[in-house]
Amino acid sequence: MQVAEANSGRAVYWGTGRRKSAVARVRLVPGEGNFVVNGKEGELYFQFNANYLGAIKAPLETLGLESEYDILVKAEGGGLTGQADSIRLGVARALCQLDPDNRSPLKIEGYLTRDPRAKERKKYGLHKARKAPQYSKR
């Protein structure tokens with residue numbers, strides 16, 4: 001986690017989030033509340049889905065900062081659900097860098113916890129992780 005100065009002299013706060021196989025590198029920059037993912041507008045990238053957009057902006061709304069920072073994201077891997085949750089974790093981590101006092105309310109809401117659930121690996125002799133071939137009596 002780093003704090004860097006942007007070309008315009010504004011502070012930039014970094015946070016990395018992960019969920020399933022998705023990884024999101026999040027930058028928080030002082031601004032008007034714009035949201036950009038992989039060069040696209042965030043609402044367009046997440047297909048105007050209220051669940052995804054609400055989850056991503058939840059850490060900012062908890063602290064009342066939704067219109068004070070721009071969210072710039074580079075998201076890779078996984079699907080939209082994994083990417084949305086990884087962005088939420090990255091935003092929460094960046095907010096902790098912004099001010100250490102932000103950590104307590106974010107931790108209470110559970111935004112700083114990485115969800116450890118991931119796809120279970122396939123085992124030999126099975127069709128999927130747990131799906132066995134059909135039983136044959138003879």
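Two aromatic rings of Phe, Tyr or Trp count as a pair if their centres lie within 6.5 Å. With that in hand, here are some close-ups of this predicted model.

**Figure 1. Aromatic rings gather into a cluster of Phe35, Tyr45, Phe46 and Tyr52.** Ring pairs provide the links between these four residues. Across the structure there are 3 aromatic pairs. One of them joins Tyr45 and Phe46 in an edge-to-face arrangement, with 5.2 Å from centre to centre and 75 degrees between the planes. Planes over 60 degrees apart count as edge-to-face, which is why this pair gets that label. Both Tyr45 and Phe46 are buried.

**Figure 2. The largest nonpolar core has 29 residues.** Phe35 and Phe46, already met in the ring cluster, turn up here again among the residues with the most contacts inside the core, alongside Val37, Ile71, Val73 and Ile87. Who supplies the residues? Strand S2 (11–19), S3, strand S4 (35–37), helix H2 (50–63), S6 and H3 each give at least two. H3 contributes the most, with 7 residues.

**Figure 3. Val73 and its surroundings within the core.** Zoom in on Val73, leaving aside its neighbours within four places in sequence, and its contacts are Ala24, Arg25, Val26, Phe35, Val36, Val37, Asn38 and Ile87. Among these partners, Phe35, Val37 and Ile87 are also listed with the most contacts inside the core.

Figure 4. Glu76 belongs to strand S6 (residues 69–76) and Arg25 to strand S3 (residues 22–30), so the bridge ties together parts that are 51 residues apart in sequence. Glu76 has a relative accessibility of 41% and therefore counts as partly exposed. Arg25 is partly exposed as well, with a relative accessible area of 41%. In total, the structure holds 8 salt bridges.

**Figure 5. Arg130 and Glu120 pair up in the segment after H4.** Their closest N and O atoms are 3.2 Å apart in a salt bridge. Both residues lie in the segment after H4, so the pair connects parts that are 10 residues apart in sequence. Arg130 is exposed, with a relative accessible area of 67%, whereas Glu120 is partly exposed at 36% relative accessibility.

**Figure 6. Shared partners join Arg19, Asp85, Asp115 and Arg117 into one salt-bridge network.** Within this group, Arg117 and Asp115 form a salt bridge whose closest N and O atoms are 2.8 Å apart. Arg117 is exposed, with a relative accessible area of 56%. Asp115 counts as partly exposed, at 21% relative accessibility.

**Figure 7. Asn102 sits in the loop between helix H3 (80–98) and helix H4 (103–109).** A polar atom of the Asn102 side chain lies 3.0 Å from the backbone oxygen of Leu95. Leaving aside neighbours within four places in sequence, Asn102 is in contact with Leu63 and Leu95.

Key:
Residues numbered from 1 in each chain as written. Predicted model: local features only at pLDDT ≥ 70, side-chain atom pairs only at ≥ 80, totals over all residues. Heavy atoms only, no water. Phe/Tyr/Trp six-rings, centres within 6.5 Å; stacked < 30°, edge-to-face > 60°. Buried < 20%, exposed > 50% of the residue type's maximum accessible area, 1.4 Å probe, protein only. Helix = DSSP H or I, 4+ residues; strand = E, 2+ residues; numbered from the N terminus. Polar contact = N/O pair within 3.5 Å; in protein donor to acceptor, adjacent residues only side chain to side chain. Contact = heavy atoms within 4.5 Å. Salt bridge = Lys/Arg side-chain N within 4 Å of Asp/Glu carboxyl O. Core = buried A, V, L, I, M, F, W, Y, C linked by side-chain atoms within 4.5 Å.
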